[in-house]
Amino acid sequence: MTDDPKTLVSTGWLAKHLKDPDLRLLDASWYLPDAGRDPKAEYDAAHIPGARFFDIDDVSDGRSDLPHMAPPVEKFMSRLRAMGVGDGHQVVVYDGAGLMSAARVWWLFKLMGQENVAVLDGGLPKWVAEGNATEDMPPIPRDRHMTVRVQNQLVRDVTQVAHASKLGDPQIVDARAPARFRGDAPEPREGLRAGHIPKSRNVHYETLLNADKTMKSPDETRAVFEAAGVDLSKPVITSCGSGVTAAILALALERMGHTDWSLYDGSWAEWGMFPTVPVATGEA
């Protein structure tokens, strides 16, 4: 793979740059409740040397009833300052699943106008499998100011998505598993209808990953999107269950050079709950 400090870097790249003074490493592990995993406890037991723990549920909008919605700017800035992450840093985000929640934090940094942020391809499992070191002590952060310029074009709300669904443009691409997209499988969150946003296409995020949870090449991911009926000459809105795996689609699009994308932050947690928006079932 080609290392790109703005999208995706390899474990080899990280091993080479781990001691760089301007590198900031974030463990952004997060799991669905039914996974039975405690990301903070896992971080405390073993993380890549120098990594800080990034709590997706904490660095979010506490005023919203929806899960881990993007936080207000002030909250993002204060949380990151406390972690010692700010201007002039190269940020690398990883997670304990290989490549799942790290992409969400990559998107959040992009939303806040941060360019120098990448996801670690294959994450902690690949790092450990290759025999690289971990540690159990958190680093001692020094405050660093961060300049934030919100990139509103990277996020969409329910009204904008409903408009896109009616017109079929931008295209909506759903990262959930096919059975959930079709409405055959129950949603992990209670009280949500089953199915998908009308006119959306289904690209299950796992189809973009190799067996070791590294991302497939840009040519391979382009083929996956096209096979799902996505017209890559149009803008794309990515969606999923709660705005986490939708970011994997966004990361793949960005790597392919398809930069006209945005993420539906509320995703199915919001759409599936709204009684006034239509729901489609079956194949796209």
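This is a predicted model: local features need pLDDT of at least 70, side-chain atom pairs count only at pLDDT 80 or more; totals for chains, interfaces and linings use all residues.

Start with strand E5, residues 117-120. Val-117 and Val-119 point one way from strand E5, while Ala-118 and Leu-120 point the other way. All of these residues are buried.

Now the neighbours of strand E5. Strand E1, residues 8-9, runs parallel to E5 and is joined to it by two bridges. Within that pairing, Val-9 stands opposite Leu-120. Strand E4, residues 90-94, also pairs with E5 in the parallel sense, over three bridges. There, Val-91 has Val-117 as its bridge partner. Together with helix H4, strands E4 and E5 make a right-handed β-α-β unit.

Next, the other sheet on my list. What is the strand order in the open sheet of five strands? The order is E6-E10-E9-E7-E8, and the pairing is parallel. Strand E6, 155-156, and strand E8, 201-202, are the edge strands, each pairing on one side only. Helix H4, residues 102-111, packs on this sheet and touches E6 and strand E10, which covers 261-264. The direction of H4 makes about 115° with that of E10. Further along in the sheet, strand E7, residues 171-174, pairs with strand E9, residues 236-239, over four parallel bridges. In that pair, Gln-171 stands opposite Val-236.

On to charges. The count comes to 15 salt bridges, and I will show a few. Arg-104 and Asp-265 meet through their side chains at 2.8 Å, N to O. Arg-104 lies in helix H4 and Asp-265 in the loop between E10 and helix H10, so this pair ties together parts that are 161 residues apart in sequence. Are the two partners buried or exposed? Arg-104 has 3% relative accessibility, so it counts as buried. Asp-265 is at 5%, and therefore counts as buried as well.

A second salt bridge joins Glu-115 and Lys-110, with the closest N and O atoms 3.8 Å apart. Here Lys-110 counts as buried because its relative accessibility is 8%, whereas Glu-115, at 42%, counts as partly exposed.

Through shared partners, salt bridges join Asp-174, Arg-176, Arg-180 and Glu-187 into one network.

Last item: Arg-24. Where does this residue sit? Arg-24 is in strand E2, residues 23-27. Its relative accessible area is 16%, so Arg-24 is buried. Leaving aside residues up to four places away in sequence, Arg-24 touches Arg-52, Gly-84, Val-85, His-89, Gln-90, Val-91 and Val-92. A polar atom of the Arg-24 side chain lies 3.1 Å from the backbone oxygen of Pro-21. As for distance across the model, Arg-24 and Pro-188 are 164 residues apart in sequence and 33 Å apart in space, C-alpha to C-alpha.

That is what I have for today.

Notes:
Residues are numbered from 1 along each chain as its sequence is written. Side-chain values use heavy atoms; hydrogens and water are left out. Two strands pair if DSSP finds at least two bridges between them. Contact means heavy atoms within 4.5 Å. Axes are lines fitted to C-alpha atoms, for helices over the stretch in contact, and angles run from 0 to 180 degrees between N-to-C directions. A salt bridge is a side-chain nitrogen of Lys or Arg within 4 Å of a carboxyl oxygen of Asp or Glu. Buried means under 20% relative accessible area, exposed over 50%, partly exposed in between (1.4 Å probe, protein chains only). A crossover is right-handed if, with the strands pointing away from the viewer, the path from the first strand over the helix to the second runs clockwise. A polar contact is a pair of N or O atoms within 3.5 Å; within protein, one must be able to donate a hydrogen and the other to accept it, and residues adjacent in sequence count only if both atoms are side-chain atoms.
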